[in-house]
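Reader: I am new to this structure and would like to learn how to read its aromatic rings. Could you take me through them with care?

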Amino acid sequence: MTDPLDRVREICLALPEVTEKLSHGSPTWFVKKTFVSFSDHGHGGPLAIWCAAAPGAQEEAIEKEPDRFYRPPYVGVRGWLGVRLDVDVDWDEIAAIVEDAYRQVAPRRLVAELDEE
């Protein structure tokens with residue numbers, strides 16, 4: 001079984017100019033700004049990632065699958081999406097969610113670079 005942190009790290013660091021740092025004690029990925037944070041039960045919630053999300057995406061995901069998606073503390077008010085990793089995980093879907101998060105905060109030139117790949 002693959003470690004969820006290792007998989008998330010691999011997905012995030014494959015994107016252009018992403019860096020990883022600890023933020024509030026959790027591994028967090030940046031492309032100028034934060035776009036994904038790993039949540040390992042430290043805030044009383046599930047093993048999850050918290051991701052920047054397009055307007056309306058948080059509500060839509062939670063409505064469709066409330067057992068997999070949630071409004072995370074602190075950043076949920078800004079539309080971020082909590083994605084549980086302690087359930088049956090579709091890693092292709094996680095990669096797509098992470099890429100969407102990246103596109104929300106990355107500079108245009110990096111999004112264009114991603115589109116060229």
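Reader: Is Trp 50 buried or exposed?

Author: Buried means under 20% relative accessible area, exposed over 50%, and partly exposed in between, with a 1.4 Å probe and protein chains only. Trp 50 has a relative accessible area of 7%, so Trp 50 is buried, whereas Tyr 74, at 61% relative accessibility, counts as exposed. This is a predicted model, in which local features need pLDDT of at least 70 and side-chain atom pairs count only at pLDDT 80 or more, while totals for chains, interfaces and linings use all residues. Residues are numbered from 1 along each chain as its sequence is written, and side-chain values use heavy atoms, leaving out hydrogens and water.

Reader: How many aromatic pairs does a search of the whole structure find?

Author: Rings of Phe, Tyr and Trp (its six-membered ring) pair if their centres lie within 6.5 Å; planes under 30 degrees apart count as stacked, over 60 as edge-to-face and the rest as tilted. The search of the whole structure finds two such pairs. One of them joins Phe 35 and Tyr 102, edge-to-face, with 5.6 Å centre to centre and 85° between the planes. Phe 35 is buried at 0% relative accessibility, and Tyr 102 is also buried, with a relative accessible area of 0%. The rings of Trp 50 and Tyr 74 have centres 6.4 Å apart and planes at 45°, so this pair is tilted.

Reader: What sits over the ring of Phe 30?

Author: A charge sits over a ring if NZ of Lys or CZ of Arg is within 6 Å of the ring centre and within 35 degrees of the ring normal. Here the charged end of Lys 21 sits over the ring of Phe 30, at 4.6 Å from its centre.
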